[in-house]
Amino acid sequence: TLVKIGDVNGDAEVDVIDLALMKRHLMETQKLSSVYYKAGMIQKDATEIDVIDLALLKRVLIGTAQITL
């Protein structure tokens, strides 16, 4: 399975929907699992999704950061 970092809904796009789903995950109202959970771990060497991943995704969406491997 191919995982695109930041694409937590699996639609092959990193967009505001992914940001909303990640926020729901952190608020524990809708948990991410499997490859979608892995896609949400934007920080290198991350072991879980946290608020820093959310902030990084927001920065990617507004164009002030890029996701690098």
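1. Glu28 sits in the loop that joins H1 to H2, where helices (H or I, at least four residues) and strands (E, at least two) are DSSP runs numbered from the N terminus. Its phi is near 60 degrees, a positive value in a residue other than glycine. Most residues other than glycine have a negative phi. Glu28 counts as exposed because its relative accessibility is 60%; the classes used here are buried for under 20% relative accessible area, exposed for over 50% and partly exposed in between, with a 1.4 Å probe and protein chains only.

2. A positive phi, near 60 degrees, is also found at Asp45, again a residue other than glycine. Asp45 belongs to the loop between H2 and H3, and with a relative accessibility of 79% it counts as exposed.

3. On provenance, this is a predicted model, in which local features need pLDDT of at least 70 and side-chain atom pairs count only at pLDDT 80 or more, whereas totals for chains, interfaces and linings use all residues. Residues are numbered from 1 along each chain as its sequence is written, and side-chain values use heavy atoms, with hydrogens and water left out.

4. As to confidence, the protein chain has an average pLDDT (the predictor's confidence in each residue, from 0 to 100) of 94, and 100% of the residues score at least 70. The lowest confidence in the protein chain is that of helix H2 (residues 34-40), with a mean of 95, and the highest is that of H1, at 98. Where pLDDT is low, the predicted coordinates should not be read in detail.

5. Which residues form the largest nonpolar core? There are eleven of them, namely Val8, Leu19, Leu21, Met22, Leu32, Ala39, Met41, Ile42, Ile49, Leu54 and Leu57. H1 and H3 each supply at least two residues of this core, and the largest share, three residues, comes from H1. A nonpolar core is here a set of buried Ala, Val, Leu, Ile, Met, Phe, Trp, Tyr and Cys residues joined through side-chain atoms within 4.5 Å. In soluble globular proteins, nonpolar side chains tend to be buried together.

6. One member of that core, Ile42, is in contact (heavy atoms within 4.5 Å) with Ile5, Gly6, Met22, Asp53, Leu56, Leu57 and Ile67, leaving aside neighbours within four places in sequence.

7. Once neighbours within four places in sequence are left aside, the contacts of His25 are Gln30, Lys31, Leu32, Tyr37 and Ile49.

8. Val16, which lies in helix H1, counts as exposed because its relative accessibility is 56%. Val16 and Ser34 are 18 residues apart in sequence, and their C-alpha atoms are 20 Å apart in space.

9. Two further pairs can be checked by C-alpha distance. Gly10, in the segment before H1, and Val35 are 25 residues apart along the chain, with their C-alpha atoms separated by 8.6 Å; at 47% relative accessibility, Gly10 counts as partly exposed. Val60, in helix H3, and Gly6 are 54 residues apart along the chain, with a C-alpha separation of 9.1 Å. Val60 counts as partly exposed, at 21% relative accessibility, and touches Ala65, Gln66 and Ile67, not counting residues up to four places away in sequence.
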